[in-house]
Each structure stands twice: as C-alpha cells, then as structure tokens.
Amino acid sequence: MQIRSALATDATAISHLIKGVTHYFTLDQQGHGAEAFLKGIEPAAILGYINALNIDYFVGKVDDQLAGVVALRDQTHLYHLFVAPDFQNRGYSRQLWQYASEAAILAGNQTGFTVNSTPYAVPVYEKFGFRASGPRLETNGIAFVPMRREPDGISSNCTINTHQQSVKEIEQ
C-alpha cells in the first residue's frame with residue numbers, strides 16, 4: 001500500500017469511499033437521522049478537512065486504487081479511518097493507523113489517542129490498543145463507542161522517514 005498526504009483532488013474519491021461504508025454506523029440503512037454526519041462527508045467537507053491546519057489527512061492506494069483513508073485531528077483524535085469494502089480484511093486499516101499515529105508521535109503527541117469507533121470496528125481498534133472509555137452512544141442517526149489509547153500503548157519505534165513522509169511503501 002502506498003500512503004501519502006491527501007490532496008484537494010482526492011476529496012471526491014474520499015467522499016465516495018466513506019459513503020460506501022456508512023451502513024456500518026448509521027442507525028437507519030438509508031441514513032435517515034444522520035443528515036448532519038452525511039453532510040460532513042460530502043466532497044466539500046472532505047476538502048475542508050484536507051485543507052485544515054489541525055487535521056492530517058492521508059490516503060492509501062493499492063495498484064493506483066483508493067483503498068483507504070485516515071485522518072487525525074490535533075494529532076490526538078482519530079477522526080477518520082475507513083477502508084473500501086473490496087480492500088477490507090487485508091491489514092490495510094492497521095497500515096493506515098500505524099502511518100498516521102507514527103506521524104503524530106513524530107510531531108510531538110505524547111498524550112495518546114481517542115476515537116469514536118463504529119460498533120462494527122470496536123474489535124479492530126482493540127487490536128490497535130484502544131479501550132472503550134464510555135458506553136455505546138446513539139446520536140444524530142449514528143452509533144459509536146468512545147475509545148482511548150493511552151500513551152504507554154504507543155510505539156517509540158516510528159518508521160516514518162520525515163524526509164520522505166509524502167509517500168511510504170508498506171509491504172503487503
């Protein structure tokens with residue numbers, strides 16, 4: 001998987017990828033009640049995240065296809081981590097997470113990470129060292145479990161070369 005910083009030209013493809021997995025966390029299969037969240041994954045909103053100074057947004061590609069995305073807000077909150085259905089169960093979410101978390105650690109994160117996990121993804125985040133920090137919540141048409149990963153679960157063996165951070169090859 002090749003991982004690089006997201007570009008403005010990626011916004012539409014990122015939006016399409018996320019829309020393809022919304023059924024994992026919306027309470028209604030058609031997204032009724034989750035309109036605010038769905039508005040936040042439109043291409044214009046994604047472009048705003050890509051351009052935001054406090055969000056680091058990355059895309060992962062396999063054979064030039066968008067396989068997944070990861071975004072960290074303020075280098076501490078895992079804002080987005082989505083893998084396209086055709087690429088799930090291949091370890092790509094872990095690769096995206098490792099890339100983004102290592103970038104945050106190199107940028108100075110020493111406080112750990114938080115995420116609002118879809119109920120579906122809780123086991124994945126637990127494998128990444130996250131633990132539930134509260135009960136499952138349902139609000140505005142979506143369900144999530146707040147989770148936290150303490151700093152002692154953070155690897156100090158970062159593999160990102162800051163001079164080549166724009167693209168990282170990870171063996172499949």
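Helices (H or I, at least four residues) and strands (E, at least two) are DSSP runs, numbered from the N terminus. This is a predicted model: local features need pLDDT of at least 70, side-chain atom pairs count only at pLDDT 80 or more, and totals for chains, interfaces and linings use all residues. Residues are numbered from 1 along each chain as its sequence is written, and side-chain values use heavy atoms, with hydrogens and water left out.

**View 1. The protein chain holds five helices and nine strands.** Their order along the sequence is β-α-α-α-β-β-β-α-β-α-β-β-β-β. Of the 172 residues, 45% are buried (under 20% relative accessible area; exposed is over 50%, partly exposed in between; 1.4 Å probe, protein chains only). Take the contacts (heavy atoms within 4.5 Å) between residues at least 6 apart in sequence: 62% join residues at least 24 apart.

**View 2. Helix α1 spans residues 11–19.** Its buried residues are Ala11, Ile14, Ser15, Leu17 and Ile18. They sit on the same side of α1 because they cover an arc of only 160 degrees around the axis. That arc is taken from the directions from the helix axis to the C-beta atoms. Thr12 and His16 are exposed, on the face turned away from the buried side. The cover over the buried residues of α1 includes α3 (43–51), β2 (55–62), β3 (65–73) and β4 (77–83).

**View 3. The largest pocket has a volume of about 910 Å³.** A pocket is an open set of points on a 1 Å grid over the protein atoms alone, where a 1.4 Å probe fits, with protein on both sides within 12 Å along at least five of seven lines; lining residues have an atom within 4 Å of a point. Grid points are joined across faces, edges and corners, and the volume is the space filled by probe spheres set on the points. The lining has 37 residues, and Leu81, Phe82, Thr118, Ala121 and Tyr125 are the closest to the pocket centre. β4 supplies the largest share, seven residues. β4, α4 (92–106), β5 (113–117), α5 (122–127) and β8 (142–149) each give at least two. By class, 23 lining residues are nonpolar, 10 polar and four charged.

**View 4. Asp64 and Asn89 lie in loops.** Most residues other than glycine have a negative phi. Asp64, not a glycine, has a positive phi of about 65 degrees. It lies between β2 and β3 and is exposed, at 67% relative accessible area. Asn89, not a glycine, has a positive phi of about 65 degrees. Asn89 lies between β4 and α4 and is exposed, at 79% relative accessibility.

Terms used:
Ala, Val, Leu, Ile, Met, Phe, Trp, Tyr, Cys and Pro count as nonpolar, Asp, Glu, Lys and Arg as charged, and the others, Gly among them, as polar.
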